[in-house]
Amino acid sequence: MSNTPMAASPLTRAVLEIDEYVSGLGWDQPARLFALVDTARLRAQEPALAAQLGLEDESETVGLTPIEQEEIPSGKPLDEFLGTIAWPDAVAGCALTVERLMLPPSAETQVPQNLSEAKLARWVAEHPERQEVRMTVAVLRDGSREAALRLREKDSPTEVLTGPDLVPGLAEALSATFAD
């Protein structure tokens, strides 16, 4: 992938690859779920699928290949949907992209109390300091995690913030999909 630093960990590279892919689809997209599989294992165990994904000629011996899953049901809350997922052993991890509105920390003191979820969402959507953000969060079975954040107003591959602790709640929810 062109914009991914080669020195990055395989998980960071997978997160940035997913971010770049979803970025190419534009904004105002639904949430997207990806399985993360070990690339070398995929080539060895599923050569036809690896060829279909263009992985047969890759020289890299370590890495993760993101495989987009079926569309997430739009009528179901994301946390409820994630609670229904169980991954087969061949899946090393998973990732999710989701767009949200965020407010800067300075706006926290302005949030009205006792608003319903719908009214709070409307209040945030109308706030002059709101920012649209796309979050890509990935976790592995071993507990490793990584996230990428992209602001709509700074929609550039060079303006993507990465780190393991950027979206801890979503990372925890994704990790729970691997719990026995």
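These are my notebook entries on a predicted model of one protein.

**Entry 1: ground rules**

I number residues from 1 along each chain as its sequence is written, and side-chain values use heavy atoms, with hydrogens and water left out. Since the model is predicted, local features need pLDDT of at least 70 and side-chain atom pairs count only at pLDDT 80 or more, while totals for chains, interfaces and linings use all residues.

**Entry 2: the whole protein**

I began with the inventory and found 6 helices and 6 strands. Helices (H or I, at least four residues) and strands (E, at least two) are DSSP runs, numbered from the N terminus. Along the sequence, they follow the pattern α-β-α-α-β-α-β-α-β-β-β-α.

Next I looked up the dimensions. The C-alpha trace spans about 55 × 35 × 25 Å along its principal axes.

I then checked the surface. The protein exposes about 10400 Å², and carbon and sulfur atoms supply 51% of it. Accessible areas come from the Shrake-Rupley method with a 1.4 Å probe, and for residues only the protein chains shown count as cover. Of the 180 residues, 37% count as buried. Buried means under 20% relative accessible area, exposed over 50%, and partly exposed in between (1.4 Å probe, protein chains only).

A contact means heavy atoms within 4.5 Å.

**Entry 3: the sheet**

In what order do the strands of the open sheet stand? I read the order as β2-β1-β3-β4-β5-β6, 6 strands with antiparallel pairing. Two strands pair if DSSP finds at least two bridges between them. β2 (64–68) and β6 (161–163) stand at the edges with a single partner strand each, so one side of each is left without a neighbour in the sheet. The twist averages 20 degrees from one strand to the next. For such angles, axes are lines fitted to C-alpha atoms, for helices over the stretch in contact, and the angles run from 0 to 180 degrees between N-to-C directions.

I walked across the sheet pair by pair:

- β1 and β2 are joined by 5 bridges, and Asp-38 has Leu-64 in β2 as its bridge partner.
- β1 and β3 pair over 5 bridges, with Ala-35 partnered by Cys-94 in β3.
- β3 and β4 share 10 bridges, and Glu-99 is partnered by Arg-134 in β4.
- β4 and β5 share 7 bridges, with Thr-136 partnered by Ala-148 in β5.
- β5 and β6 are joined by 3 bridges, and Ala-148 has Thr-162 in β6 as a bridge partner.

β4 and β5 also form a hairpin with 4 residues between them, and Gly-143 in the turn has a positive phi of about 100 degrees.

β4 is mostly covered, with 8 of its 10 residues buried.

Which residues of helix α6 (residues 168–176) are buried? I noted Leu-170, Ala-171 and Leu-174. Seen down the axis of α6, they fall within an arc of 100 degrees, so they line one face of the helix; the arc is that of the directions from the helix axis to the C-beta atoms. The general rule I keep in mind is that an α-helix has 3.6 residues a turn, so residues three or four places apart point the same way.

The cover over these residues includes β1 (32–38), α4 (78–82), β3 (93–102), β4 (131–140) and β5 (145–151). α6 packs on the sheet, touching β1, β3, β4 and β5, and its direction makes about 35 degrees with that of β4.

**Entry 4: two residues I stopped at**

Asp-28 lies in the loop between α1 (10–23) and β1. Its phi is positive, about 65 degrees, although Asp-28 is not a glycine. Asp-28 is exposed, with a relative accessible area of 55%.

Leu-161 sits in strand β6 and counts as partly exposed at 48% relative accessibility. Leaving aside neighbours within four places in sequence, Leu-161 is in contact with Ala-147, Ala-148, Leu-149 and Leu-166. I also looked up Leu-16: Leu-161 and Leu-16 are 145 residues apart in sequence and 9.8 Å apart in space, C-alpha to C-alpha.
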